[in-house]
Structures are given as structure tokens and as C-alpha cells.
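This briefing concerns the structure shown below.

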2 protein chains.
Amino acid sequence: MQWRIEEKGFNQEKIEFFGSKFSVGNGYFGYRGTLQEYGKEQLAACTLSEIFDDNGNGWREPINMPNGLLTKVYYRNKPLSVLDSKILEHTQGLDLSAGKQYRQTTLETEDGKKVTIEANQFASIDNIHLLVMEYSVKAEAAMELTIQTGIDEEIWNINGNHFASIEQKAEGAVSGLVCKTLQDSKEIAIGQLVKITKGNGTVTNDDTDITFALSLQPGETFAFEKYVAIGKDTDCENPWESVMAFCSEASDTGFETLLSKQSAAWKKRYDSFGLSIEGDEEALQAIYYSYYLLYSSAPTHTDKVAIPARGLSGQVYKGAYFWDTEIYMLPMFAYCAPEIAKNLMMYRVHNLEGAYEKAQEYGYRGAFFPWESQEKGQDGCTHYNLTDIFTGRKMRTYFRDKQVHISADVAYGIWKYVTITKDKSILLEGGAEVIMECARFFNSYAYFKKDKDRFELLDVTGADEYHERVNNDAYTNYMVWLTAKITLEVLDFLAKEHPDHYQKVMEKLDYEKELPEVKEMAEKIYLSKPNQDGIIEQFSGYFKEEDLSIEELYSRIIEPNEYLGSPVGLAVNTQIIKQADVILLLSLLSEEFSEDVKEKNWAYYEPRTEHGSSLSTCIYALLAAKIGKVDWAYQFLMKAAKLDLLGNYKQYLGPLYIGGTHPAANGGTWMVAVQGFGGLEAVEDGIVLNPHLPEHWKQLSFRFVYGEYICQACMDSKGISLQVEADTDAPLRVKVRDQVLTAKVGENYFAL
Amino acid sequence: MQWRIEEKGFNQEKIEFFGSKFSVGNGYFGYRGTLQEYGKEQLAACTLSEIFDDNGNGWREPINMPNGLLTKVYYRNKPLSVLDSKILEHTQGLDLSAGKQYRQTTLETEDGKKVTIEANQFASIDNIHLLVMEYSVKAEAAMELTIQTGIDEEIWNINGNHFASIEQKAEGAVSGLVCKTLQDSKEIAIGQLVKITKGNGTVTNDDTDITFALSLQPGETFAFEKYVAIGKDTDCENPWESVMAFCSEASDTGFETLLSKQSAAWKKRYDSFGLSIEGDEEALQAIYYSYYLLYSSAPTHTDKVAIPARGLSGQVYKGAYFWDTEIYMLPMFAYCAPEIAKNLMMYRVHNLEGAYEKAQEYGYRGAFFPWESQEKGQDGCTHYNLTDIFTGRKMRTYFRDKQVHISADVAYGIWKYVTITKDKSILLEGGAEVIMECARFFNSYAYFKKDKDRFELLDVTGADEYHERVNNDAYTNYMVWLTAKITLEVLDFLAKEHPDHYQKVMEKLDYEKELPEVKEMAEKIYLSKPNQDGIIEQFSGYFKEEDLSIEELYSRIIEPNEYLGSPVGLAVNTQIIKQADVILLLSLLSEEFSEDVKEKNWAYYEPRTEHGSSLSTCIYALLAAKIGKVDWAYQFLMKAAKLDLLGNYKQYLGPLYIGGTHPAANGGTWMVAVQGFGGLEAVEDGIVLNPHLPEHWKQLSFRFVYGEYICQACMDSKGISLQVEADTDAPLRVKVRDQVLTAKVGENYFAL
């Protein structure tokens, strides 16, 4: 396994992309993969989790902190940097094994002298408040240099300033800032402590600016370590006191020791991943990189936040939590790090109130979860999300109003967590209420069609966002059916196993009247069946829309950046879709559909799918792998897995930065590898392993948790081996290619 | 009463408008108010009723016939006409008393000689196949002139040629053409016969071209009469034989006698109108002109057609029949000429099959009437009716799919006809089936909302076309409720009075199962009630739309011709509406709402209404009159009444001609005058008279029919007099300003 991902040479045009690609994070904050000399113009940013702000002039978005790693080198009073100087050599990279960004740059001064800058930085897992850096400058010839390091108050924000005040602080060796947010007056402190570790120079302190005046001999190196700490009043009683303490402790511990701890922490994470591929180093690294990115943004320390659509790589998409969490990110965590999966789901439980409020706002009962959920479950999604490129007018979009499947996705997520982990505690901690209230929401949303004796879900936007406000979107209807079924199962479980709790929630939610309606919904909701050709219609009337090739659709484009979706985009009255919808349904509710239906629908919908969303490719790959279209699945796996490595996505939409990492695709990558090729599926009473390996994958091995069982599966062309550890003697039920077998704990089980 | 409407002087820019303003017609055909020298460039056209054609390259539209009145004068081989010559005097006018267009033009030749052309033409009521003209030329000085008259085969069509063949014919004194349509191979013949009545000249015949070579003395007049006849194979066994006969008969009768008959026929029509206003000549003429226009396009001879949206003044709006028929045109005919009202409604009865087909096309049961109905009840409305001015792309519109209120309008129309005329024969002749099937359609269209225990009508376009695809449009829901109620009343009537017929239709339509559902619909359809401010919300969510002034909306316009309605027009996400919706509801279902609700809603909606449709002004005026806002009502009455007199409407939308007369506004004009100011309303057991006269109307008098009663009402500031004639002795129940009185037949009844 090649742990290092690196790029040689400097490319001005890739600054924004590398800022995402080489980002580090620990769930508490993300720090973009920028160089120390970068400022807001280069999109340097330290994005906080959990704190959002709305200054009234744009979208509500997460806080970017002042940049604590800003460090600049001056020669003859002029900056010496990749942006200003002749570059002789430059390497920027990420060491996945420690979650550490590094850079090594050799520059030439205007009078031909070589200077080499090296730096390493990471977001500490051991103490999530810490951002740690070591920085060195080596002169090839004798020279006077000045180095300035500090905390950059010039903050890059997409929607303007978010601080009402920024106060300078300095006590002992620590200097820093205490910031207060505009909207909620949240207090956040950032502190820095700098320790010279090699060479010496004259040090000047001016507020948070620390200047080293150096006189270097040929071959001499000057080095320092920098400990930056961030604390906010939601987790530190006195943020400034806390960050001072964090900085001092870190400095006492020292960079090397902190880095060892960091490597050990990441090793533990990778061990629980336990994935290996024989015969495909490239795929292996891309999959580990996906895992790294997703984990870097994951809330390990709290169940009050989830993972934003662009991770913690910036403020894009308002730092909000979408359905991506449940559908794309949850599976990997539930199988590999169930405690994080629980945090993600508990985030929804904590924000049931926000879902009630949204339902009420629209005149519905129950829980209508936000489309773009922020820290308290408020919906960050606005009514006007797009601009008509032809008129410059804001366009009314219905993402917020009509993507009602979000509430089904949440119920599905909790249930999926329970199915994989068997940890039903979440149901007693509020999970049951969430599921029940989601079902209630759909009872109130649905309409009954008397002459067809069925419930219908009208005026919804399904997974495919190009077709807004359609009737009976297949994905949505099936997921709502599932929500009703899950609700009945949960209530059945509570009634049997926790009758007191059952009584309590039934009363608290006044659910006696609702229950028969949930049953009726489970029986009578309209579920579109495959037609004579085996195809499930994406929504009522979809087959009547114009059927043309994507190429033909593209040939109608007038403006390169025109939006193809609703209300008037070119795809609207056609069968061209943005992303997986029916195919997502067939992937998630795999057991409900025959192989034949999956094959036929895949063949029908794939050529009609633009994959204009990072949520699409991995799902098509997942189903392709399941139905044995291995070559195709592999190509699309690599597309999803390398998305953030290659940066083949738009950085800007007009003047709006939309780049960053893609946690949904990162999670989807794992799904394709393990659930697609590995064929892993947790079911009620055991696991399924139904592998379809790419030919050049000589062996695939991965670790996963199923209830109390910790399993390592290993598969190759000869068969499957499964090592199962658990505290129980009960064997694990395993279904392998239609054979039902049992794997004994502690033994290495083999199947053909 | 000033019967002549005329314009002095020639204005090139008004050619198209005058073509509509001075048009003549008899329900069989319309002939535009163009001058004899005009061709297709000046939109000369003779538009046939009942025959439509689709050449595959555009919209299906009615047939324009070759122009039988084309007549050109040449001097020195150059045309002498308003288009080519110096005009010394020019008058064009319409004599309403005879439905006759006239012109008088004095031109100056290039060498300074005066020539005066006079012509009169009318579409015969006595023989609807006939178009009759007299034409004269008077020379002030000695001159040689050539006059050519013939049948112009250069036909103006909006959507291209509609004839597969045009065959030349000549027999005896009659020459002409036999044309065959492309789509349905309909045969239509046109013949001409020319008779010189003054002066003489050398006559040359070349096919249908007739040339007079004249040598005129100073002051000498040359005159001829021209008899043009049109016959089609739907009403003439042999069209050519028929038109020959018609021409010969007409020639034998002579222009003068035909004109006398024509005047007598129109007199009879005006007598049945019996309207007079003391103190407002201008309004009186405008109302008579509206009556003239509407009657000119009305099917007096057949119940197989209705009145197109632009009358017979051209092919605009595909010559199709809209809901305008029932809502705007029917009342005047039902009260003044019930036999025409019955024709209009029987047209719907004959086309129930088309409504079945449309319902099936959309997956519904019952009768979904066409939005743009053509001769066999097929829907001429297309899916792409508008072009996006910014992209040049066709826009998907939902007029055809979603204006489901059309079926309620049809049921309402038939029931309104019965209520006014008491002629229930229409119910036995198919009217009951139409009403029942409309109710069935809504049963199949509606959704039931269980938690609100009500039916809702979702995804409809109401009367206001700017807001497409809304839920629970107030107008639509109430009209559907009315449809259910009417159905129950009709079935109740049949069961009691015609039990055999009841049995027959119930069986034929398999209606036993439907009936309880109709009852449930009548009870449980959601009818939006006035809110705390007394306002009825136009559709669910309307109040949440942006509330701004029309001026502010206009200030956002980028392109003068941009469409303001759905899908992305500026009005869509605002409360600005195109036309009366709630106000139409309050006008039609007047008895269901209090005066207070009417006043408050009028005050709320009027400033938010763009009146961007000729269907709007008259309805606001009608309700304004009913609630005593007399000054306002008067202003808007005059706006509606003078629409076709002043031509204050768009002639073109881009390159598309959309001009013509406005029968809906013509009918609306009568409604404002008689039902608004006069306060006439026919109810189940009598009539209501609740006048609110404009101050300067010293007296308003009008004639109307109510069942077997023929009434002349006369009202002034002192009171109301009512003269009632009937074959019965039973007195008429009259409600005057909340007092219920009885008017004895044959007596002149007075009320304060």
C-alpha cells in the first residue's frame, strides 16, 4: 500500500483543487490543503464543524476560522514563495498513514540563491482542538531571511464576514484571538504557540504576528514547531483558557510525539477498515484515500453533527448535512466504525424538533427532515438556489419543499444501523420516535386515490433532481413503503421487548390513531411494478417524455453552464436523468427485485443518466457489480474513487466556488468495493456474501462488523474465507451464492 | 342609436385591425373587414366554420377560402387603390343595422383625375352560403379604366396551405373553384356571378378572372353586383351545383332585395335584444356592436359547431372553441336567443366521444373536454404553445393537460341553459350524459386527503393562466362541486320526471357505482373558505407568494414581449394574476357568497390582476356592478365593450398574428350591462333584478327570456318596470332588492 499521495511541481491553476485534495481534518475542524504562504485568495481555510452563522447577506454557512498556520518567508523585504519566486523543485503531498500534509519547496532568490522550505501539518486526532505544524527553512548560501508566522484574520468566506468581533489575546507564550459570531454570539478562541527547534534568530512579537529575523549560513536550517488550538464555547467552558492550555500541553509533548500518536490513531482506523486488494495497487490507494477523507470529516467526538456534503473542506453547500449521510456515508461507518454511524444517526434524533417545525411550516404532521440540515436541524436550503443563465434571474427551485424522501432516508438510515450493528439502543434513545414521526409525515403527505385503492405521493422530487415536482417517483414511493414497514417492525420490537417504552412513546406521540394508518400505508402505497419490458417507470409519465440520447440533448445546449433540470432546463421534458433514481432503489432494496429486473433497468437507465452528480456513478457501479457487470462496475468505481484525487469536477459555478471533497462519493467507493464486488449485505438474520471480483483483483479482503461479530472476509477465484470473532459461541449465519451456511466463531470458515 | 361605425381616412397601420373591426359574418363563414383590393398580405380572408385542416406542418386550423370579393381597379395598367394611389377621401364603415360593410374612397390618378370607389358587402343571413357585394366606380374626368374582379387563390393561412387541389369551374354565368382539403378531403365549392348594374364596358372572362375595360365619361359611374356562394360537402350534396344555384337565385333576387331581407333579419335579432340606454349613446353603440360581432359568428344553422375564440374573424387560436363559450358567450344567447344557446350546448353533447378519448389519453374516466375543441371534439391544443423569448426554445405548457375546469364549465353551461330557458329537452337529448360524465371525470381526477377528510383537486391550472399546475384552485374546486351538485339534480329530475330515461342512462353509463361517489364529492370536496380577512385564497399557497404591485413586476421585465406566466415568467412566484379567478367564481356562484366577501375579494384581487386576457375585465366589471362599485364597473365595461372598436390589443406576438374579434369580451359586455348594472339573474324559481345603474344612465331597458316568459325590464332611479309576456297565466316570481314579488303576465309590473 502506497500511503503517500503526492504531486510534483507547482501549478497555479490547481491551487483550489489541491486545497481540497490535500486537506486534513479531525471532525472538529477541517484545514484545507493549502501552503503556509497562502491567504484567502488561495482559499486557505480552517472550517469549523458545528458552528454556523448567517450575516443576513447570503446563505447561512459554517464558520471559517482565522488561519493559524499562515507563515511567510521574506528575502530583501520581498516574499519568497511559490506565488512570487522562481521554483526549482516543489512537492506537495499527503501521508495517509498519519493524516499529515507535507510540502517541500526549493526556491531561487532573485540573486540566484537556493532556499528550501519544508513543512508538515496535521489535524490532531488525539486532541481534536489541535492543529500542529513543523516548518523549516534551509539556505544553500549565506543569506538574511525574515519569517513571519501568525494568525491570518483575512478570512475567506463565501457569504461574507461572520464575526461581530475579533479580540487580540496574548498570555505567556500563547497569543491568539477570541472571535464572536454575528448571529448567535458564539465565542471561539484560537491560540498559537511557536517553538524554535533548530537555529536561532531575533524574535519579535506584535499581537499575533511573530517575526524571526534570521542570518543563515550556507547549508543552515532554521526550524520551528507551531501548535494551534481552537476551542469554542459549545465544548470549552472558557475557550481562551482552554486553547492556552492545549497549546502549552502540545508544546510540552512536542511534534514528534504528537505525530506518533497521530500515526497510531490512524493505524487503528485503518486496522478496523482491514481492506486489501491483491493485484490493484491503484484501486487500493484510491479506496484508502476515500476512507481517509470521509473519516477526516466524521464526528468522532460528538453526536450533534453529521458530515457535510463537502466534508470539512470548506463552506460549500452551506456546510449542511444532506441525505448523503444516510444513503452514501452510513454503510461504511456502520460496518467499519459503528460508533460513528451511531453519532450520525443520533444527530437526526437530536434534531427531531427541526423536522417537526419544517412539517408544520408546510402544513404536515410528523417529521419532515431538512434538505440541508444545519446544527440544530434547521433547513439551510433556500427557495432560490439557481440563477437562470439567460436572464440572470434567481430561479425558484423545490429541493427544500419537495425532496420529501429525506424523511424516508433518515428512517432507513436508523434501521440500517440497527440491522448491521444489532445495536437497538438507538431505538430506545429516540430513534423509534424519529422513525414513527417520519411515517406520520408520509401519512399526512400522501393522497388516496379512491378508484385505484392506493396511496400516492404527488408533487415530489425524487433522487433525480432534473425532474422536479413529479408524481409517484419510484425511489420515493418504495422508500416511504419501507418507512411504514420499518415503523411497524420497530413498534413490534418495542411492544415485545420493551413494553414500558412502547407504552411511553405511543402515548407521548399520541400514536394509537396513527398506527392503523401506517399499516394501511404499508399495504396500499402505490409501488410501480416493472412494465412488460421489465422496466420500472421512474415517475408517473416518465415514459411519455422525449427519449433521446445524452449527446443529442447536449447538442441543444446554448450556454455551456446552463442548468439542465427543472423548471425549464433541457432535460426536463426528456427521459435524461441527472443521477440514479430507480437504480438507487434497486440497490438499496436489493432483496425486493429479481436479478432480471435489475439487469433490465440498469440497461435502460444507464444510457439515460447524465451522472451529473457525484451521487450517481457509485450507485450504478454498485448495482453493476451486484449483477455481474464487473468491467463496467470497475470503471465507475475508479471514477468515483478517484474523483477527489483527480479533481475532475467543477471548481466554480459562475463566480461561486463549489469545489471541495466529496464524502458521498468517498462512501460510495467503499460500497462498490465491499458491497458491490465483495457482495456483502447484512440482513435480519445474518450476512450475505456474493462476490463478483474484477478479473485482475486476485484477492479482496475486508473487515466488517455484524452485530457482535467482527469478521474478516477474504475472497478470490477459489472461494471465500471468513474469520469471525465474537464473545458468543453462536455461529454466524452466512449466505454465500444462495447457499445458507454457518460460520463458527474463532474458526476460519471457507466456502466455494 | 347610431347604427354606423365608421372611420375616416386611411391608415396603413390599421389594415389588420380594421380587418377585424369591420368584419361581417353569418355563422357559416366570416369575411374580414378588408377592402376589395386587398390580398393575403393585408390579411384578407374568408374563414369557414366547421371545416378544419392539418397539413402536418403546424397547428390544425380552420379553412380560409379563396377570396371571392377580390376586385382591383387599374388606370394606365397600374393599380388604383388605397395601397398605391393618392387618397383624397376615404371612409370605411359598418352598418350594424344590416351587418353590412361599406367603403367610399376617392383617389387621384397620377395625372390628377379623381376616381371614387364605393362598395357594400354583407354575409347573408337569409342564405348563409351567400356573400354579396355591390361595387361602383365613378370617374370625375374622362378616363379609361380596367376593373378586374375574381376569386383570389392566394390564400392567407397562418399554418400553410390546406388544399390538396383547387379545380377551376365555369358554367353559364357562374364561375368558381372546387377545393379539396388535405387532411380529410372535404370538398368545398365557391362560385361567383357578376351582374353589371350601371354603365357598360368590354367584359373578358378568363377562368375566374372577370375584366371590365371601361371608357368613362366625366361624372359617369360603372357599377356591378357580385354574388359569391360557398357550399361544402357537409351541408350540400353537390357543392358546385349548390353554389351555382345560390348565385343564380341571388342574382335573380338582386342586391337591393337581399339587403332588405338582411336588414329585416338583423332587425329581428336586435328586437330580441331590446336593449336601450338613456343617457349614454356611446355605451349603447358599443354594446350593440358587441352583440353584432358575437351574433355574426354564432351557429344559427347548426349545432355541430360553437363560437371560436376569435369568432370567424380569422384562424387565430386554431378556430377552436374554448370555455369562453359556456362562461362568456352562453348567457347572452340563453337570455336573448335561446335557440343559439342550445346549439352551442348541443355541440358539446355531440362531442362527448372526444371528451372520453381525452380522458382515456390521460388515464382518467369520464369526460375530459378539450381545451381547444375542434369540429369533432378533438383537442387542437398542443403541448408546446409558447416560445421562450430568451432562448428561442418551445416551452412546455399545460393548458391542454391541466385546465380541467373545462369539464365543469361544460356541465355548468348546460345547467345554466336549462335554468334560464327551462328547456330540459337538452337533458334528454344527451345533456344528462355529458353532465354525468363530467362528474365522473372529476371523481377520477380528484384525490382524497384522509386526515382532512376531503377531496382535493391537485395539479390544475385554474382560470388564471399565469399560475399553472397549482393545487385546489378556488374557481376549479367550486365548479367541480357544482358539477357534482348539478349531476345529482339532473338525476333527481330524470328519476322523477323521466324514469325510463333515467333507467336507460344509468345503465348505459354503468352509473350505479358512480352515483355514491358523486354524492361524496358534493359533500367532501375542499372548498376554500374566506380567511380571517374575508379573502378566499386563489390556490393552496397563493398567499405565500410574493406580494408586489403590478408596476414593480413590470419594472423587472427585460424583454417587452416576455411571457409572464408559467413555467418561469415573472408573475409565477408572485400574487400577480393574469385574469379573474376567485372573482369569476364569486360572479358565477353569486348566491353562495356574501356581499362582504365579494367586496373584500374584489378589493384584494383587482390590484393584483393584470387583466392580461380579454376574459378578465368584464368579469371584474360584472362583480363591481353587483356590489355597487358602479363607477369602476362602468370604466371596465367600456374597456370590454370597446376592445374591438378601439383595437387596444396586440395584433402580433412576434411574427404570429393573434388579432381578431373577441367574442368572450363581446358576451362579457352584455353580462356587465344586463347582469351587472341591470342585476338580472335567473334562478331556479324565478328571476332576480337588483340594478345598480351608472349615474348618467337615466334609464336602462332590456329584453330577456326566462322559461316561457318573455320579459322587457326597464329601470331608472325611480324603480323597475317589467312587462311579461307568456302563454301561461302563472305569474313570474321576481326578486327585487331582497323583496320577493310576482309579476302577472300581460301587465306592466312596477317595483320600487
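How many salt bridges does the rule find across the interface of chain A and chain B? The rule finds six there, in what is a predicted model. Over all chains, the structure holds 90 salt bridges.

**Interface of chain A and chain B**

- In chain A, 33 residues are in contact with 33 residues of chain B.
- About 2600 Å² is buried between chain A and chain B, and carbon and sulfur atoms give 47% of this area.
- On the chain A side, the residues that lose the most area to chain B are A:Arg393, A:Tyr447 and A:Lys450, which together account for 25% of what that side buries.
- B:Arg393 forms a salt bridge with A:Glu562, with the closest N and O atoms 2.9 Å apart.
- A salt bridge also joins B:Asp451 to A:Arg365, the closest N and O atoms being 3.2 Å apart.
- This pair crosses between chains: B:Asp451 is in the loop between strand 22 (447-449) and strand 23 (454-456) of chain B, and A:Arg365 is in the loop between helix 7 (352-361) and strand 20 (384-387) of chain A.
- B:Asp451 is partly exposed, at a relative accessible area of 34%, and A:Arg365 is partly exposed at 26%.

**Salt bridges within a chain**

- A:Glu514 and A:Arg440 meet through their side chains in a salt bridge (3.0 Å, N to O).
- Because A:Glu514 lies in helix 13 (residues 514-524) of chain A and A:Arg440 in helix 10 (residues 425-445) of chain A, the pair ties together parts that are 74 residues apart in sequence.
- A:Glu514 is buried, with a relative accessible area of 4%, and A:Arg440 counts as buried at 10%.
- In chain B, B:Lys318 forms a salt bridge with B:Glu372, the closest N and O atoms being 2.9 Å apart.
- B:Lys318 counts as buried at 4% relative accessibility, as does B:Glu372 at 5%.

**Strands and sheets**

- Chain A has an open sheet of five strands in the order 19-28-29-30-33, with antiparallel pairing.
- Its edge strands are strand 19 (276-278) and strand 33 (748-751) of chain A.
- Strand 28 (residues 699-706) and strand 29 (residues 709-716) of chain A run antiparallel and are joined by eight bridges, with A:Phe702 opposite A:Ala713.
- Strand 5 (residues 61-65) of chain B is largely enclosed by the rest of the structure, because five of its five residues are buried.

**Helix 11 of chain A**

- The 24 residues of helix 11 (residues 474-497) of chain A should span 34 Å at 1.5 Å a residue, which agrees with the 34 Å between its end C-alpha atoms.
- Of the 24 residues of helix 11 of chain A, 17 are buried, so this helix is largely enclosed by the rest of the structure.

How values were computed
Residues numbered from 1 in each chain as written. Chains lettered and ligands numbered in written order. Predicted model: local features only at pLDDT ≥ 70, side-chain atom pairs only at ≥ 80, totals over all residues. Heavy atoms only, no water. Pairing = 2+ DSSP bridges. Helix = DSSP H or I, 4+ residues; strand = E, 2+ residues; numbered from the N terminus. Buried < 20%, exposed > 50% of the residue type's maximum accessible area, 1.4 Å probe, protein only. Expected span 1.5 Å × (residues − 1). Contact = heavy atoms within 4.5 Å. Buried area = accessible area lost by both parts, 1.4 Å probe. Salt bridge = Lys/Arg side-chain N within 4 Å of Asp/Glu carboxyl O.
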